[in-house]
Each structure stands twice: as structure tokens, then as C-alpha cells.
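Here is a walk through the model you are about to see. Have the picture open as you read, and start with a pair of helices.

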Amino acid sequence: MTCVLITGGAGFIGSHLAESLVKTDVNIKIIDDLSTGRIENLEAIKAESNVDVTVGNIIEDDKLDTMIEEADIVFHLAASVGVKNIVEYPLRSIMTNVKGTSRVLELAAKYHKKVLIASTSEVYGKNNNAPLNEDSERILGTTKVNRWCYSNSKALDEYIALAHYRTSGLPVIIVRLFNTCGPRQLGQYGMVLPNFVRKALQDKPIQVFGDGRQTRCFTHVNDVVVALTDLVEKNDSVGEIFNIGSSEEVSINELAAQVKKITQSKSEIVHIPYDQAYEKGFEDMRRRVPDISKIKRFIDWEPENNLENIIRDVIDYELIH
Ligand SMILES: NC(=O)c1ccc[n+]([C@@H]2O[C@H](COP(=O)([O-])OP(=O)(O)OC[C@H]3O[C@@H](n4cnc5c(N)ncnc54)[C@H](O)[C@@H]3O)[C@@H](O)[C@H]2O)c1
């Protein structure tokens, strides 16, 4: 029986991935320190005989060695995530993303195991070109602005993964996720959609940061999970980087308006300057649109859910939690 290890498996994306794999003939091992993840995310599957959850930190937990030795495939999702989290706790974020990932990769290299590394569209920094393909330039601000440490820590993860691939032939796959959304995503670390939905359901002000004309593309977590599981099945994906995201571009003002309309909320939409929302000198990108032609070519993937489906699923989840 195939054994899959998911680091960060009690998190938002990791728990959906685990839920999708539990239906197949695989053993699932999860390691998560529950810093932003929650055991409740695994409620539906944690009692299954093929699911084994370890609460532990990837930087230091001794059990990680055996877990990787026993795995056939590692989905490495554990990371410090969310702009607010990164701006408030830069040191912890850098250590988790760089030390944690380099340990996972070293152990994967020790046992020669296939690893999928979750990187991010943040690596493109403030490159406002659209769409961004996997070879697009990284444009970053000064090191005095904390937000760029997430981008840099994830870019360093990519470098380390590719260096292992080039030096020892370690089978690595790198994915750059663009704004993944859906049930279970937490709002408190600066994720925009769950925040908007929660405020709308309470008729409280929906806070749009900046002028709200910045655009993003939102992808349903279920579509992302399909991309992740299909990519690891395909040998050609090894040593490659893939954008995973939707091409449906929406401004944050439009997103707020749609959430308000679908929830029939009385919330006021208010604008908060970036330096008040995050930190002095905070910089944001105006557009963030993926070119997904590469992943379409490799595994014939494109998202099935549109923005309205995503918003409705988040609303349904928030109404019962
Ligand atoms: N959600 C998105 O829009 C998005 C976008 C780009 C990239 N990503 C990447 O996808 C991955 C999953 O993100 P998510 O949105 O599910 O966030 P998440 O915060 O829900 O998941 C991360 C998980 O890692 C765990 N974790 C953190 N540090 C750990 C450590 N040192 N040891 C063990 N576990 C640890 C957390 O408890 C959490 O369960 C991350 O690598 C993230 O950078 C997500």
C-alpha cells in the first residue's frame, strides 16, 4: 500500500488533501504542530485506520526521519502562512519555512523520496505583469519591509529543492499556489475571503485594505487538491515548477461587493490604509494573475469552480462554524 506523508496536514489545504486521499488505497501520515492548523480540520478522517496524525514540529521532531523513510511520497505543506502572520512574526516564519523545508528535503534525499513543495505566487513579488508564468521575474522590495521575507523564504525553499534535484536527482516538484480558498481557511492571519464572509454574516464593516482596486485570482481548494495529486502521479513533473491558480481576475472591491450581495448583508464596505492594516511602508502588488498553460499542458488541469462557487462554499462553512 502506498504511504503518503503530509506535513502541515491539519492545515487548510493539507486537511482537504488528506480527505481526498483517504478515499483511495493509501496510508496517510500527517505531521503538524497545530500552529495554524487544527485537529478539528481532520474530524471526518482522523479515526480512519489508514490515517495517522502526529502533533510535532518539522524543525525538530525526531519522528520525522522515520515518517519520511516510510513514505513513498511527501506533500510538504507545513509553513508559516498569511501576510499578517509573517509581518508579525518574521523570525518564526523564516525559521519554519527555511529550516523546516531544508530538513524535510534532507531527509527526503537520505531516503530518495518524491517530494512536492508548496511554494507561492508571492515569489513573484511586486511584478504586476499579467499573466505571470513560471519564468517571470521576481521583483522585490527592501528587506526592511517584512512582507518580503515570506517571498524570499519560499524562493529559498525552491532553490534548495532544485539543488537537491540537480545534485542527487531527488524527485522534487514545486508548485506555486495563487490565493487558494475554501472551507476551513482561517481569517485571522490576513486571508481575505474568510474575513469578508465572517464580517458580512455579522453585518459588521467589511474592511478592504488599500484602495481595493488591486486584483487577485481565487482558486477553490478542491481544484488545488486535484492538481497536487495529479502532479505527483506524472513522472514528467519531476524537477519542474508549476503555477496553480485560476485565471478569473477580480478586484478586492468587487470581491467585497459580491460577498455582500450573496450574503444579503447590511455590512458597510470600508477602506483601511495598508500601513494601518499591516506595517509602515507595507507594499502590495496591483495584480496577481497566473499563466496556467504549463500545468494544463502537463496534466490537463484547470479549475472547475468559479468565484461564486468558492464564495458560496465559504459561506456554507462559516454558517455552521
Ligand atoms: N492558502 C493559500 O492561498 C496559499 C497560497 C500560496 C501558498 N500556500 C502554501 O500552501 C501550504 C499550505 O497552506 P495553507 O493555506 O493550508 O495554510 P495553513 O496555515 O492552514 O497550513 C500550514 C500548516 O502547517 C502547520 N505548520 C506550520 N509550521 C509548522 C511546523 N514548524 N511544523 C509542523 N507543522 C507546521 C500549521 O499548523 C498548518 O496546519 C503552505 O506551504 C503555504 O505557504 C498557500
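Start with α1 and α7, which pack at an angle of about 65 degrees, with their axes 9 Å apart. Axes here are lines fitted to C-alpha atoms, for helices over the stretch in contact, and angles run from 0 to 180 degrees between N-to-C directions. Helices (H or I, at least four residues) and strands (E, at least two) are DSSP runs, numbered from the N terminus. The crossing of α1 and α7 is right-handed; a crossing gets that name if the near helix is turned clockwise from the far one by less than a right angle, and is left-handed if anticlockwise.

Who touches whom? On the α1 side look for Phe 12, Ile 13, His 16, Leu 17 and Ser 20, which meet Val 221, Asn 222, Val 224, Val 225, Leu 228 and Thr 229 of α7. Contact means that the C-beta atoms of two residues, placed from the backbone, lie within 7 Å. Sorted by class, this contact of α1 with α7 has seven nonpolar, four polar and no charged residues. Ala, Val, Leu, Ile, Met, Phe, Trp, Tyr, Cys and Pro count as nonpolar, Asp, Glu, Lys and Arg as charged, and the others, Gly among them, as polar.

## What kind of model this is

Keep in mind that this is a predicted model: local features need pLDDT of at least 70, side-chain atom pairs count only at pLDDT 80 or more, and totals for chains, interfaces and linings use all residues. Residues are numbered from 1 along each chain as its sequence is written.

## The sheet

Now for the strands. Seven of them form an open sheet in the order β3-β2-β1-β4-β5-β6-β11, with parallel pairing. Two strands pair if DSSP finds at least two bridges between them. At the edges sit β3 (51-55) and β11 (241-244), each pairing on one side only. From one strand to the next, the twist averages 20 degrees.

The helices from the opening come back here. α1 packs on the sheet, touching β1 (2-7), β2, β3 and β4 (73-76), and its direction makes about 165 degrees with that of β2. α7 (residues 221-233) also packs on the sheet, touching β4, β5, β6 (172-177) and β11, and its direction makes about 165 degrees with that of β6.

## Around the ligand

Which residues come nearest to the ligand? Of the 28 residues around the ligand, these are Gly 8, Gly 11, Thr 36, Gly 37 and Ala 79. A residue is near a molecule or strand if its C-beta atom, placed from the backbone, lies within 6 Å of it.

At least two residues of this shell come from each of α1 (12-22), β2 (26-32), α4 (90-111) and β5 (114-120). α1 gives the most, with three residues. By class, the shell divides into 13 nonpolar, 13 polar and two charged residues.

α6 (residues 192-201) and α8 (residues 252-263) pack at an angle of about 40 degrees, with their axes 9 Å apart. That makes α6 oblique to α8, since angles under 35 degrees count as roughly parallel, over 145 as roughly antiparallel, 65 to 115 as roughly perpendicular and the rest as oblique. The contact of α6 with α8 has nine nonpolar, one polar and one charged residues.

α2 (residues 63-70) and α4 pack at an angle of about 45 degrees, with their axes 9 Å apart. That makes α2 oblique to α4. Leu 64, Asp 65, Ile 68 and Glu 69 in α2 meet Leu 107, Ala 108 and Tyr 111 in α4.

## Two backbone details

A cis peptide bond joins Ala 130 and Pro 131, with omega about -5 degrees. Pro 131 has its place in the loop between β5 and α5 (148-168).

Asn 179 is not a glycine, yet it has a positive phi of about 20 degrees. You'll find Asn 179 in the loop between β6 and β7 (180-181).
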